[in-house]
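Here are my notes on the model you sent over. Have a look at the structure first, then go through the points in order.

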Amino acid sequence: MEIFNYFGTTLASLAGGFGTALQPVNIAMLLVGVVLGLIIGVLPGLGGTSGVAILLPISVFIAHGSLPGANATTAIILLAGIYWGALFGGVITSILFNIPGEPWAVVLLFDGFPLAKRLGRPGLALASSFVSSFVGAFVATVLFTFFALAIALEALRFGPAELFAVFVLSFATLVGLGAEAPVKSVAMLAFGLLLAAVGFDTITGEQRLNFGQISLLAGISFVPVTIGLFGIGEILASAEEQGIGYVENLSARLGLRDVAQAFRELRKRLVLVLSNSIFGFLFGVLPGHGATAASFLGYGLARQYSKNKENFGKGEISGIMGPQCAADSAGVASLVPMITLGIPGSPTSAVIMAGLFIWGLQPGPVLFIEHQDFVWGLIASIYLGHLMTFIICLLAVPLLALIMRVPYAIITPFIVVISIIGSYSLNNSMLDVFITVLFGLIGYWLRKLKYPLAPLVVALVLGDSMERELRKALIAGGGNPLYFFSSWLAIVVLALAAVLVLIPLARTVLARRAAGRLLAVATTEEGVSTSPEL
Amino acid sequence: MRPYQLATAAAIIAIAAVAMFDSRAAFSPSVGTAPGDVGSRWYPFWTAAIMGIAGVVVVYRTLVTNQTDEAGVFSGREGVFAVLKLAVPMLFYTILIGGVGWQSGDITYTVIPPLGFYIATGLYMGGFAWWIGRYRIWWVGLIALAFPLVIFAAFELGFQVTLPKSFLYERGIAPF
């Protein structure tokens, strides 16, 4: 009976959310966000994270009612719309130009571009990608709708020890499941936490790490750092790549025949797409990963369970649909921990979460109680946003592909200019502009040396909250560190975090053992083959 | 690759060392304001310590790992020049926006007057189109004028976002 009540409440809240999301100003901002996201997704030098960060100052004006009828819900709908648009838009350049517009579209170079070029079916490649993206996002949004409230209600019971454990778990996933060397992830995490500690201490009000500089008393703002790392850093990296490469040029036409065939192909792969969407959702909920890691996971699963493994890398449609549905599902899922626990699931959702702070909202379970309109309006807008993005993509691919024709000498400085506007306008501070440029150079350099940037950004956003919960727990426990193990939930979460951190270590030990075994076998074989001579 | 990895890890260790030095009061006997509180310096001190240890591990791994087969950091000379062609004008652009100068007592010394966002953007976009794009002079002029004007209309008039103004604005000569 209770479960029926839960579903009834959820559906009623969702209906209210649609009422909010369907208001003209919200629909208009969703459309603006989606179109901007598609453009950002197509541009190789600008990603979803930096796009959202650049537009964050404008969202502040929207949240504070500079548009008639607009409020914080309108602002988050705009930012989330950019994210959905970027999730779809990044694939267009991967398939048509062999240049990934977004990190999560890199995997489409394996089969998307070959299907478009070698097999001469760019329309089918694009339609397959859009259809599977839409299904993945839809599955994730349904899961979001029915699980978010349950998670939030559970999270309301968390004390400082449990919250601190959840922070530790989120950092542990960044270290344990990251693609780069774990020790580099640890260094970047600590760097982010250190940057977050600059300025006034939130509990005692003491100054720290500002080295006597008044301008640093307010701390280092998250927005200029993110715009620098992901905006400026990304265009510097793509400048290097474009300086040595060339752009492929394929037709961008997408006909009804392609769309119909894509739906037929989807029907054949329904189990793959649905299961990958669920895996993508589960992966996206883990903090710090989001769509990129899920896209590679989706590709791996599609290949692993395919009967046509030999076709992968040559234009196999499962190699497009598998990663795409997982990536979009993970993108949606990355908002779940942000909304329910106040912990972002990806760098882009970290920026959106920073927006919530700026608009005066506290992300976390209390949002579901105090700002129901906001939460359910956002959830309803995810359904509408993906439907909108899907339709625009089917209709406007040739137009979006034209963006790639804008000359480098215009688009690149323009991205720098809007990055500068984004970093300056939040606090009207030239210091923020210099921080953006500095972190642009740092981000480019760290990328070259394979230091992951996601831990730095997530730690910078979560640093203050994590320290607050740590110290609240210590005060509550009278300084006794055993307080962190005072509940079963905290113990389980901390144990899970420890396991995640130990994964890379276990992986290294196993790899060394395997290498040792191979060496032993090789030595034995050599001994056998050389023995007659002895 | 190895020297770059070592230099970066050394920079990480140096940042950590500076932060630890600044937070050395973590060990003061009267750190917190409430029973059980560790005080404001404890958290940055140990965070910096973790960062420093991670840097040392990176140094160790770089030294013990065979890196002879790995590719270099940059994708050849052309790649480096492509990055420099973008990075150097960008640095000049930000310097032009805010200008260069300092204050000593009541006197302000100005080396480069602040050109503000709009004039600097015109110079930057026009200069980039001329240098990298090799456009004809009228196209360069059009780009240098059109972009700042469109941005002015969108941000200053539309969104009412105030961007940095030039010394000409301060003297009442120009609207930006």
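**Notes on B:V161 and chain A**

1. Let's start with B:V161. Leaving aside residues up to four places away in sequence, B:V161 touches A:P57, A:S425, B:F155 and B:E156. Keep in mind that this is a predicted model.

2. Where does B:V161 sit in chain B? You'll find B:V161 in the loop that links α5 (137-159) with α6 (167-170) of chain B. It counts as buried because 20 other C-beta atoms lie within 10 Å, and 20 is the cut-off for that label. As for B:V58, B:V161 is 103 residues from it in sequence and 44 Å away in space, C-alpha to C-alpha.

3. Now the contact between the chains: 53 residues of chain A meet 56 residues of chain B. On the chain A side, the elements giving two or more residues are α3 (48-63), α8 (182-196), α9 (222-244), α18 (408-425), α19 (430-448) and α20 (454-476). The largest share comes from α18(A), with 10 residues. Sorted by class, that side of chain A has 36 nonpolar, nine polar and eight charged residues.

4. On to the fold of chain A, which has 21 helices and two strands. Its radius of gyration is 24 Å, close to the 24 Å from the globule rule for 534 residues, so chain A is as compact as a globular protein of that length. The C-alpha trace spans about 75 × 70 × 60 Å along the principal axes.

5. Buried residues account for 59% of its 534 residues. Of the contacts between residues at least 6 apart in sequence, 79% join residues at least 24 apart.

Notes: Residues numbered from 1 in each chain as written. Chains lettered and ligands numbered in written order. Predicted model: local features only at pLDDT ≥ 70, side-chain atom pairs only at ≥ 80, totals over all residues. Helix = DSSP H or I, 4+ residues; strand = E, 2+ residues; numbered from the N terminus. Rg over C-alpha atoms; globule rule 2.2 N^0.38 Å. Buried ≥ 20, exposed ≤ 12 C-beta atoms within 10 Å, placed from the backbone. Contact = placed C-beta atoms within 7 Å. Nonpolar A, V, L, I, M, F, W, Y, C, P; charged D, E, K, R; others polar.
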